[in-house]
Structure formats: structure tokens, C-alpha cells
Amino acid sequence: MVRSKFVVLRMKDIVRTGIFVLIALVLLIVLIWAVMPRGTATPTMGAFVPGTYTSYIIIHNQPITVSVTVDEDEIIDITLSELAQSQEVFYPLIRPTMAQLSQQVLSNQSTNIEAPTEAAITSRILLDAINNALLQAKIPGNEG
């Protein structure tokens with residue numbers, strides 16, 4: 001003959017256990033988030049080969065050139081060129097956004113800046129192009 005056993009659980013024990021499990025999950029997520037690499041690395045000060053480096057963005061099958069000029073320790077200039085009139089008509093925020101980003105990058109000497117919310121996607125595309133040019137300017141072997 002098989003004897004059945006009944007397990008009686010109190011609601012407060014179930015709630016308390018649920019809270020502990022939830023806290024453990026939150027701590028695990030925070031720990032994973034803390035150790036994951038984020039963003040693209042940008043070269044640090046003193047890590048450049050002086051010169052002008054270019055990166056390209058293709059919009060409507062036409063390139064837009066982003067040029068970044070650096071010396072040994074700093075970013076000197078960031079310019080946008082080869083912007084066709086049709087591209088400016090369809091993307092009117094590209095030139096003012098680049099001017100704003102250029103000013104921030106030059107003053108902070110970093111691409112880790114706050115992108116304008118009114119042109120978030122345009123900012124991301126332009127910052128990626130700036131980062132690509134800076135990676136070309138980076139001294140080989142310097143992991144900045």
C-alpha cells in the first residue's frame with residue numbers, strides 16, 4: 001500500500017522565496033551587464049599617426065566623405081564633403097548634425113558624446129564614420 005504525503009505551503013513562504021529568486025535574477029543580470037564589453041573603442045590621446053583619414057557613407061548610391069584630421073595627440077578637424085544636393089534635400093539634418101557632432105568631438109577629444117535626440121540615427125551613422133576614420137589613424141599595436 002502506497003501512502004500519500006501532503007505538503008502544506010504557507011503563502012508567505014512562497015512569496016518570500018519568489019522575492020529571493022527575483023533578487024537573485026536581478027543581481028545576475030547586473031553582473032552580466034557589468035562584464036560585457038560595450039560600444040566601439042576609440043583611440044586615446046597620443047595614439048594617432050598624424051594626417052587626414054577618410055571614411056565613407058553611401059546614401060542613394062552616392063558616397064559622402066567624412067574626413068578626420070589628427071596630429072599625434074589630438075583630433076584637429078572633422079569635415080563632411082562630397083555631399084550631393086539631392087542627398088541634402090532628402091537628408092536635411094546631415095550637415096547641421098555633423099557640425100554639432102564635430103564641435104562636441106573636438107571639444108571632448110572623444111566620440112563618446114551625447115548624440116542629439118532630434119537626429120539620433122543620423123548621429124549614429126556619422127559617429128560610426130568618424131570612429132572608422134579614427135581607427136585608421138590609430139598607431140598599430142596601440143590598443144587605447
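This is a predicted model: local features need pLDDT of at least 70, side-chain atom pairs count only at pLDDT 80 or more; totals for chains, interfaces and linings use all residues.

Residues are numbered from 1 along each chain as its sequence is written, and side-chain values use heavy atoms, with hydrogens and water left out.

Let me start with the surface, where Val-7, Leu-9, Met-11, Ile-14, Val-15, Ile-19, Phe-20, Ile-23 and Leu-27 form a nonpolar patch that together has about 970 Å² of accessible area. Leu-9 sits in the segment before α1 (11-35), helices being DSSP runs of H or I with at least four residues, and strands runs of E with at least two, numbered from the N terminus. Leu-9 counts as exposed because its relative accessibility is 60%, where exposed means over 50%, buried under 20%, and partly exposed in between, with a 1.4 Å probe and protein chains only.

Turning to the strands, β1 (residues 51-59) and β2 (residues 62-70) run antiparallel and are joined by nine bridges; two strands pair if DSSP finds at least two bridges between them. Gly-51 stands opposite Val-70 in β2. The two strands form a hairpin with two residues between them, and in the turn His-60 has a positive phi of about 55°.

Now for helix α3, residues 94-108, whose 15 residues reach 21 Å from the first C-alpha to the last, close to the 21 Å expected at 1.5 Å a residue. Which residues of α3 are buried? They are Ile-94, Thr-97, Met-98, Leu-101, Ser-102 and Val-105. Seen down the axis of α3, these buried residues fall within an arc of 135°, so they line one face of the helix, the arc being that of the directions from the helix axis to the C-beta atoms. The face turned away from that buried side carries the exposed residues Gln-103 and Ser-107. Ser-102 counts as buried because its relative accessibility is 10%, and its C-alpha is separated by 41 Å from that of Leu-25, 77 residues apart along the chain.

Last, the backbone angles: Glu-82, in the loop between β3 (75-81) and α2 (85-90), has a positive phi of about 60° although it is not a glycine. Gln-109, in the loop between α3 and α4 (120-137), has a positive phi near 55° and is likewise a residue other than glycine. With 18% relative accessibility, Gln-109 counts as buried.

Terms used: Patches are made of residues with over 30% relative accessible area and no salt bridge: like charges are joined within 9 Å, nonpolar side chains (Val, Leu, Ile, Met, Phe, Trp, Tyr) within 5 Å. Accessible areas come from the Shrake-Rupley method with a 1.4 Å probe; for residues, only the protein chains shown count as cover. A salt bridge is a side-chain nitrogen of Lys or Arg within 4 Å of a carboxyl oxygen of Asp or Glu. The expected span of a helix is 1.5 Å times one less than its number of residues.
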